[in-house]
Amino acid sequence: MDLAGNHKPLTEPEKRRRCIELLAQTSCDELKTAWDGLSEKPTVKPVRGPETGLVMVRGRIGGGGSPFNLGEATVTRATILLASGTAGHAQALGTDKEKARLSAIFDALWQEAETRVFVETALLSPTESRIATDDRQKAEETAATRVDFFTMVRGDD
């Protein structure tokens, strides 16, 4: 968004980043539903995984200070190759290998012009809407518990 409040179009790398981010937040059920909705299932060759491992989660003191190791998180990743030669990659928190595999497939399908619209309408847009609704609901629930503190001044002594 520029200073006038206008949205500038996303670059291709920004669009891909959005796709991968949404795929990581999509549930396995949403992925399976979209997979079932595909009229032609692509031929998929696994390149790596799905495999589960650990990554170190780092934090910063006060949000911007010195970094420290917070702990480890379980992550599952997968890489696939479509028959067309397009590679798809995915990483997801947790141990759900099917979610990682399907996310990698949909990443590859998103990269292809023929199936990008399907992935956007059947999977990414509904996921984006669900996330926005969940965020709005959490904000409303949090706002309902907000307490405003104020100080009364009696006068100058």
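Okay, quick definition before I start: when I say polar contact, I mean a pair of N or O atoms within 3.5 Å, where one must be able to donate a hydrogen and the other to accept it. And keep in mind that what we're looking at is a predicted model.

So, let's go to Thr79. You'll find Thr79 in strand 2, residues 67-82. Its side chain makes one of those polar contacts with the side chain of His89, at 3.2 Å. Is Thr79 buried or exposed? Buried, at 6% relative accessibility. Setting aside the neighbours within four places in sequence, Thr79 touches Pro46, Val47, Arg48, Gly88 and His89.

Now over to strand 3, which covers residues 87-93. Here His89 sits on the uncovered face, along with Ala87, Gln91 and Leu93. The covered face has Gly88, Ala90 and Ala92.

How do strand 2 and strand 3 pair? They go antiparallel, over 7 bridges.

How many disulfides does a search of the whole structure find? That would be 0. Cys28 is in no disulfide either, with the Cys19 sulfur as its nearest. As for accessibility, Cys19 is buried at 0%, and Cys28 is buried at 12%.

Okay, over to you folks.

How values were computed. Residues are numbered from 1 along each chain as its sequence is written. This is a predicted model: local features need pLDDT of at least 70, side-chain atom pairs count only at pLDDT 80 or more; totals for chains, interfaces and linings use all residues. Side-chain values use heavy atoms; hydrogens and water are left out. A disulfide is a pair of cysteine sulfur atoms within 2.5 Å. Buried means under 20% relative accessible area, exposed over 50%, partly exposed in between (1.4 Å probe, protein chains only). Helices (H or I, at least four residues) and strands (E, at least two) are DSSP runs, numbered from the N terminus. Contact means heavy atoms within 4.5 Å. Two strands pair if DSSP finds at least two bridges between them.
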